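Here's a quick tour for anyone meeting this structure for the first time. Have a look at the fold, then read on.

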Amino acid sequence: MNLELRLDRLESEAAIAGLVHAYALAIRRDRPEDVAALFAPAGTFEVREGAPDRDDASTMQRFDDPPALVAYLLQGKGRPHPVPMIHNLIIKLNGNDAHASSVMVGPIPGTTHQVLGEYADSFVRLDGSWYFSARIFTVFR
């Protein structure tokens, strides 16, 4: 792989990791209004429930565009919410598209609860910048 391709790969991986962590920061800081800018205009978000060692999962919620996701998140603003901690981020690039998986542990301060699950993310590069094209979060049961 030539130097230009290697540099593009490193910059893309860093930008994608930055998106994953920017989403976690927005949730942690209770700023759902910051989430829409991380998604492509037609980006989707889906929450599923399943087991970590199986591919089958049931859909619990789906948001077909960033404004719908933000509207939902704004309903919980100011309430106890997960503090996402992202682990094991693995990114696979394919030109102007990419996929990633990561594990999220999210304790909910002020409670004894936590959320544990896995993100399956898709990304798209538009005008030189990376955005989520889809996020699927599977809550482990």
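## A pair of strands

β3 and β4 (residues 97-107) run antiparallel to each other, joined by eight bridges. Strands here are DSSP E runs of at least two residues, helices are H or I runs of at least four, and both are numbered from the N terminus; two strands pair if DSSP finds at least two bridges between them. Within this pair, Lys92 sits opposite His99 of β4.

A word on the source: this is a predicted model, where local features need pLDDT of at least 70, side-chain atom pairs count only at pLDDT 80 or more, and totals for chains, interfaces and linings use all residues. Residues are numbered from 1 along each chain as its sequence is written, and side-chain values use heavy atoms, leaving out hydrogens and water.

## The whole sheet

Zoom out and you get an open sheet of six strands with mixed pairing, in the order β2-β1-β6-β5-β4-β3. β2 (57-63) and β3 (85-94) are at the edges with a single partner strand each, so one side of each has no neighbour in the sheet.

## Helix α1

After α1 comes Asp30, with a positive phi near 60 degrees.
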